[in-house]
Amino acid sequence: MIVDERFITYINSLDSGNTKLLEEIEAEALRTDVPVIRKETQACLKLFLTLKKPKRILEVGTAVGFSAIFMKTYNPTECTVTTIENYEKRIPIARTNFRRAGMEDAITLVEGDATQVLQQLDGTYDLIFMDAAKGQYIHFLPHVMRLLQKDGMLISDNILQDGDIIESRYAVIRRNRTIHRRMRRYLYELTHHEQLVTAVFPVGDGITVSSKKA
Ligand SMILES: C[S@@+](CC[C@H](N)C(=O)[O-])C[C@H]1O[C@@H](n2cnc3c(N)ncnc32)[C@H](O)[C@@H]1O
């Protein structure tokens, strides 16, 4: 928890909620230990969708499809979503959820490891939502830069690693040190990349919002 829990409870108490189906999918996911974007992150995503109105969205990390359905639902413009997932158990659940939402034509789930899938994708996207294995973000970045349209927005979730990111390498438990190093590199790249303007927000587990210069 990177923000005092009482602030989060208060802020989330102001949330006006989602559609019934999204509430159901979120509850099912949480009951079965499937991670979904946190309420505070949902609020930010709703705002950015409203401002950006993306026509083509790419998501890395589908899980059971909650955020893909969420983005399609709260985007004021007609859009398609391409979403990548490699965990076999979650893929059929995501597909069922896309059917439940009547969005199976608008949301394309690409099965496989994003490292390979991203290389094979072409065309450009005006919003890319990165929500997969944190240690891989830095490896995805060259592909993401190729796929992100000029003026496009890149949102990356879970970048503050429950607060670990500010700790020295030696204060982080050994098995998290590689992720810690890679995430710091990723944040440095995003904030110093000549084609990007990036802000880091301590929202949820931390998000970055980057705009690719036109
Ligand atoms: C945090 S969850 C995604 C949650 C989802 N975006 C939501 O809010 O509903 C991350 C997902 O990314 C998947 N993932 C992690 N690394 C991946 C990779 N290299 N390629 C494809 N999927 C990956 C995991 O299996 C997991 O289901």
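Asn158 sits in the loop that runs between β5 (148-157) and α8 (177-192); helices (H or I, at least four residues) and strands (E, at least two) are DSSP runs, numbered from the N terminus. The model is a predicted one, where local features need pLDDT of at least 70, side-chain atom pairs count only at pLDDT 80 or more, and totals for chains, interfaces and linings use all residues. Residues are numbered from 1 along each chain as its sequence is written, and side-chain values use heavy atoms, with hydrogens and water left out.

With a relative accessible area of 17%, Asn158 is buried (under 20% is buried, over 50% exposed, and in between partly exposed, using a 1.4 Å probe and protein chains only). Not counting residues up to four places away in sequence, Asn158 touches Asp131, Lys134, Tyr137, Met183, Asp205 and Gly206, where contact means heavy atoms within 4.5 Å. The side chains of Asn158 and Asp205 are also joined by a polar contact of 3.4 Å; such a contact is a pair of N or O atoms within 3.5 Å, and within protein one must be able to donate a hydrogen and the other to accept it, while residues adjacent in sequence count only if both atoms are side-chain atoms.

The unreviewed UniProt entry puts a "binding site" annotation on Asp131, Asp157 and Asn158. These residues span 28 residues in sequence, yet no two of their C-alpha atoms are more than 7.3 Å apart, so they gather at one spot. Asp131, Asp157 and Asn158 are also part of the lining of the largest pocket. A pocket here is an open set of points on a 1 Å grid over the protein atoms alone, where a 1.4 Å probe fits, with protein on both sides within 12 Å along at least five of seven lines; lining residues have an atom within 4 Å of a point. UniProt positions follow the numbering used here, feature names are shortened, and annotations may be inferred rather than shown by experiment.

As for Asp131, its place is in the loop between β4 (125-130) and α7 (137-147). Leaving aside neighbours within four places in sequence, its contacts include Ile37, Asp157 and Asn158.

"Binding site" in the unreviewed UniProt entry is also listed for Ile37, Ser67, Glu85, Asp113, Ala114 and Asp131, and the lining of the largest pocket takes in Ile37, Ser67, Glu85, Asp113, Ala114 and Asp131. Ile37 is in the loop between α2 (20-31) and α3 (39-52) and counts as buried at 2% relative accessibility. Glu85 belongs to strand β2 (residues 80-85) and is buried, at 7%.
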